[in-house]
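Here is a briefing on one protein model. Look over the sequence and the fold, then read the points below.

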Amino acid sequence: MGKGRVLAYAGAVTVPLGSGALLHLWGSWSMRSPLGTPAALAVLVALVLAGLAVAAHHALFREGGSVLALVLLAGLGAVWIEARDSRVRGATVECVVVGKVRVTDHPTFGEGAPEPKRLYHHALDCPGGHPREFAWERKLGGAGETVAIAYDPARRMDPVPADENVARGSLFLPGALLLLAAGLSVAALAVEGTDDRIR
């Protein structure tokens, strides 16, 4: 096996797994950074990283590999979602519900549609003035009652009730997709020059 072939195999593994690791590190850091990285900047850098990964992938598979690129993009998207979901809000505030809680119903239509959603809109008086309003799928308290709200001081994430402020991320799906991308990439290189090429 020539040196070029070895480098191609190394790239086929390194591009999906390396770009996934970098994207996860960036997503986690941008949400935890004391610098208060704006969400728009975090997404922009994530798109640049994903674009570089796809460009590197294209350099390896110029003659096809569109299925591999889609699997790679799906894996990177899942990494980004997981990195964001692994973050908990950094501050909790005790707020007083002001006035009557307003209720709105959001019906859904069609066969197989999700269940209709009911939202409870709370007007809040919080130290520091944030959040002023809060909608949730259950009533947190009536007028004059105190509720605990978790929020991100940098406003990168929506507030949630304090008891819902838990990390929900899981590396299983993004890890499986990126391993699949790496495996398919290696397989594509192995059959290169035969009639079994993966496209």
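Contact here means heavy atoms within 4.5 Å. Helices (H or I, at least four residues) and strands (E, at least two) are DSSP runs, numbered from the N terminus. This is a predicted model, where local features need pLDDT of at least 70 and side-chain atom pairs count only at pLDDT 80 or more, while totals for chains, interfaces and linings use all residues. Residues are numbered from 1 along each chain as its sequence is written, and side-chain values use heavy atoms, with hydrogens and water left out.

**Overall layout**

- The protein has 4 helices and 6 strands.
- Read from the N terminus, the order of elements is α-α-α-β-β-β-β-β-β-α.
- The radius of gyration (taken over C-alpha atoms) is 23 Å.
- The C-alpha trace spans about 75 × 45 × 25 Å along its principal axes.
- Of the contacts between residues at least 6 apart in sequence, 67% join residues at least 24 apart.

**Surface and burial**

- Accessible areas come from the Shrake-Rupley method with a 1.4 Å probe; for residues, only the protein chains shown count as cover.
- The accessible surface comes to about 11500 Å². Carbon and sulfur atoms hold 62% of that surface.
- Buried means under 20% relative accessible area, exposed means over 50%, and partly exposed lies in between (1.4 Å probe, protein chains only).
- Buried residues account for 37% of the 199 residues.

**Helix H3**

- Helix H3 covers residues 66-85, which is 20 residues.
- The expected span of a helix is 1.5 Å times one less than its number of residues. For H3 that rule gives 28 Å, and the end C-alpha atoms are 29 Å apart, which agrees.
- The buried residues of H3 include Leu68, Val71, Leu72, Leu76, Val79 and Trp80. Glu82 and Arg84 of H3 are buried too.
- The cover over the buried residues of H3 includes helix H1 (3-32), helix H2 (39-60) and H4.

**Nonpolar cores**

- A nonpolar core is a set of buried Ala, Val, Leu, Ile, Met, Phe, Trp, Tyr and Cys residues joined through side-chain atoms within 4.5 Å.
- In soluble globular proteins, nonpolar side chains tend to be buried together.
- The largest nonpolar core has 14 residues. Leu23, Trp26, Ala46, Leu72, Leu76, Trp80 and Leu178 touch the most other members.
- H1, H2, H3 and H4 are the elements that give two or more residues to this core. H3 gives the most, with 5 residues.
- Setting aside neighbours within four places in sequence, alanine 46 is in contact with Leu23, Trp26 and Trp80.
- A second, separate core has 13 residues, including Tyr120, Leu140, Ile149 and Tyr151.

**Salt bridges**

- A salt bridge is a side-chain nitrogen of Lys or Arg within 4 Å of a carboxyl oxygen of Asp or Glu. The count is 4 salt bridges.
- Aspartate 105 pairs with arginine 118, with the closest N and O atoms 2.7 Å apart. The pair links strand S2 (residues 102-106) to strand S3 (residues 117-125), across 13 residues.
- Aspartate 105 is partly exposed at 46% relative accessibility. Arginine 118 is also partly exposed, at 43%.
- Arginine 138 pairs with aspartate 163, with the closest N and O atoms 3.1 Å apart. Arginine 138 sits in the loop between strand S4 (133-136) and strand S5 (146-151), and aspartate 163 in the loop between strand S6 (160-161) and helix H4 (172-190), so the pair ties together parts 25 residues apart in sequence.
- Arginine 138 also forms a salt bridge with glutamate 164 (3.9 Å, N to O). Glutamate 164 lies in the loop between S6 and H4, so this pair ties together parts 26 residues apart in sequence.
- Shared partners join Arg138, Asp163 and Glu164 into one network.
- Which of these network members are partly exposed? Arginine 138 is, at 33% relative accessibility, and glutamate 164 is, at 26%. Aspartate 163 is exposed, at 55%.

**Histidine 121**

- Histidine 121 lies in strand S3.
- Apart from neighbours within four places in sequence, histidine 121 is in contact with Val101, Arg102, Thr104, Phe134 and Ala135.
- The C-alpha atoms of histidine 121 and arginine 132 are separated by 11 Å, and the two residues are 11 residues apart along the chain.

How values were computed
The radius of gyration is taken over C-alpha atoms; the globule rule is 2.2 Å times the number of residues to the power 0.38.
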